[in-house]
There are 2 protein chains.
Amino acid sequence: MSFFESLKDYADITENRLSQILNQKDGGADRLNEAISYSALGGGKRLRAYLVLEFCNMLGIDKENALDYACAIEMIQAFSLIHDDLPAMDNDDMRRGKPSNHKAFGEATAILAGDSLALDSFAVAGRNAKCNKEQNADAVILLAEKSGSLGMCGGQQIDIDSEGKRIELEELLRLVDLKTGALFSCACTLGCIAANASEEQKKAANDFGLLCGRAFQITDDLLDINSTAEELGKTVGKDELQEKSTFPSLLTEKGAFEYAENYIEKAKKLLAIFPDNQAKTNILEFCDYILIRKK
Amino acid sequence: MSFFESLKDYADITENRLSQILNQKDGGADRLNEAISYSALGGGKRLRAYLVLEFCNMLGIDKENALDYACAIEMIQAFSLIHDDLPAMDNDDMRRGKPSNHKAFGEATAILAGDSLALDSFAVAGRNAKCNKEQNADAVILLAEKSGSLGMCGGQQIDIDSEGKRIELEELLRLVDLKTGALFSCACTLGCIAANASEEQKKAANDFGLLCGRAFQITDDLLDINSTAEELGKTVGKDELQEKSTFPSLLTEKGAFEYAENYIEKAKKLLAIFPDNQAKTNILEFCDYILIRKK
């Protein structure tokens, strides 16, 4: 399968498994479970799940082994979007072309839905029946480190602190490596854990993810300037409104895109230590996709 | 050491280890790390940590083995209090006699501090160097299940949904088992995991925690009626204000207390399968303490 076919296929596989996980729940609160499914299911490109599964594939191991890790990271991603959209955070009413979670369920339930997705994700990763407990313990530690105060949440805080300020490129990169890069590198490394990869391969996967995260953030910044809300399915022009320092504001649009191309070039080189196969070809195409994506 | 000496001692040990964990962090966002320490350190009775450590002790295993699990559950407890206090939730300005997290750091940072504590706790439990990876994987799964949508968060949602409504005792018990009991039973079972206890012992520890959770919630309800904010270090009279069904409102104060006594009696009986020693004597005293506590 080509990259785009795989991306679609893996998104479906992840969606089905996630739906199974969320629907087999026995107990809890109906309204909370509804709010969780509302944001965790039925949308998104599932890029992080794709990376988990394709890295596992590239290492010659059945991607089924990594599927629950893929679901776990998508739950973390869904949690972060719910909390990002809250009035006290980005105050966003739209997400993926529909009302954001707090608009649909109210703030209290949205906070709890985000919390639940974050917490439940560790049970999903920790219980992955296709991997052993050592792998699952490693996966959980990685997931926690990449999403918590030294990962994604730390990045969100730096993002908030830098609103209305001009920050230097170095600080912007630190922000982006945490806010965006952390989950990309987590995804690639989770695929490696499921495949029992070497430490060298895990390190390369981690760095690959960080570079892709930078390039992804740059194209995100550019789309925020050049797209309509309709095209993107979310609010646009936010960065300027929030007076955020972004790659285009520091480097011009053209300069920012050149940075993205440069990061992608470096990222591709890191794949040299992995076996050559269809999965690798697809991951190389994923790199190009980051640069040309329209949403 | 007697129960009260142990409670104090174990709180100090947990506080020290937690402080070490939070202060050895390298990176992230300063303001976020500050907000995390503000709520995670310097306060609370650390009852959940106490149960983790004393159950491990009772099983004849050095409580040091369980210390990082104790820290992890206290991080989950701290996260839940931060999010509970948010304007969209209980809207509480005071916590442990000082401004609640969002009053001190603003809502956005408080949301992220809660998120971070929740997420980071899994790295702490998952990396417990005194236990093996199998134990750590089990600990993480338990922590996630007891705190997520089928545990504490599910209970919070039922609590919100039942505001202003009269609910029956059965539904109140379901609520309390999730909102309060889940973390108590998690704590007791974490101590068992650190001590490689039998499945039978883990089951007894789980049920013991649920019963203590019920008794604890009843005395919490009674203190909410009969204490001052100064005595309690948090807002009082909330339940009536929020028109919540509580044990006293359903059973009268006297009736509610009798229920608490009954739960504690049952809880004590569950300890029969554990070895007799000082730790067990202390846990029995902990049971009595739940009934007589003044804050």
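Axes here are lines fitted to C-alpha atoms, for helices over the stretch in contact, and angles between them run from 0 to 180 degrees between N-to-C directions. Please keep that in mind, and also that what you see above is a predicted model.

I will start with a helix pair in chain A. The axes of α10(A), residues 199-226, and α14(A), residues 278-292, come within 8 Å and cross at roughly 25°. Angles under 35 degrees count as roughly parallel, and α10(A) is therefore roughly parallel to α14(A). On the α10(A) side the contact uses C212(A), A215(A), F216(A) and T219(A), and these meet C287(A), I290(A) and L291(A) of α14(A). By class, that contact has 6 nonpolar residues, 1 polar and no charged.

Now to chain B, and one residue of its helix α14. L291(B) lies in α14(B), which covers residues 278-292. L291(B) and T219(B) are 72 residues apart in sequence, yet 6.5 Å apart in space, C-alpha to C-alpha. Leaving out residues up to four places away in sequence, L291(B) touches A215(B), T219(B), A260(B), E261(B) and I264(B).

Next, a second pair in chain A. Helix α4(A), residues 67-85, packs against α6(A) at an angle of about 165°, with the axes 8 Å apart. That makes the two, α4(A) and α6(A), roughly antiparallel. The crossing of α4(A) with α6(A) is left-handed. Among the residues in this contact are Y69(A), M75(A), F79(A) and I82(A) from α4(A), and L117(A), D120(A) and V124(A) from α6(A). The classes there are 14 nonpolar, 3 polar and 2 charged.

Chain B gives us another antiparallel pair. Helix α3(B), residues 47-58, and helix α4(B), residues 67-85, have axes that come within 8 Å and cross at roughly 160°. Angles over 145 degrees count as roughly antiparallel, so α3(B) and α4(B) fall in that group. Their crossing, α3(B) with α4(B), is right-handed. R48(B), A49(B), V52(B) and L53(B) of α3(B) make the contact with L67(B), Y69(B), A70(B), I73(B), E74(B) and Q77(B) of α4(B). Those residues divide into 7 nonpolar, 1 polar and 2 charged.

In soluble globular proteins, nonpolar side chains tend to be buried together. The largest nonpolar core here has 200 residues, and V52(A), I73(A), V52(B) and I73(B) touch the most other members. What does V52(A) touch, not counting residues up to four places away in sequence? The list is A66(A), Y69(A), A70(A), I73(A), A187(A), L190(A) and G191(A).

Last, the two chains together. 45 residues of chain B are in contact with 45 residues of chain A. On the chain B side, the elements giving two or more residues are α2, α6, α7 and α8. Helix α6(B) supplies the largest share, 13 residues. By class, this side of chain B has 21 nonpolar, 14 polar and 10 charged residues.

One of those elements is mostly covered: in α8(B), 9 of 10 residues are buried, including M152(B), C153(B), D159(B) and I160(B). What covers the buried residues of α8(B)? The cover includes α2 and α6 of chain A, together with α4, α7 and α9 of chain B.

Note on methods: Residues are numbered from 1 along each chain as its sequence is written. Chains are lettered from A and ligands numbered from 1 in the order in which they are written. This is a predicted model: local features need pLDDT of at least 70, side-chain atom pairs count only at pLDDT 80 or more; totals for chains, interfaces and linings use all residues. Two residues are in contact if their C-beta atoms, placed from the backbone, lie within 7 Å. Helices (H or I, at least four residues) and strands (E, at least two) are DSSP runs, numbered from the N terminus. Ala, Val, Leu, Ile, Met, Phe, Trp, Tyr, Cys and Pro count as nonpolar, Asp, Glu, Lys and Arg as charged, and the others, Gly among them, as polar. A nonpolar core is a set of buried Ala, Val, Leu, Ile, Met, Phe, Trp, Tyr and Cys residues joined through C-beta atoms within 7 Å. A residue is buried if 20 or more other C-beta atoms lie within 10 Å of its own, exposed if 12 or fewer, and partly exposed in between; C-beta atoms are placed from the backbone. Angles under 35 degrees count as roughly parallel, over 145 as roughly antiparallel, 65 to 115 as roughly perpendicular and the rest as oblique. A crossing is left-handed if the near helix is turned anticlockwise from the far one by less than a right angle, and right-handed if clockwise.
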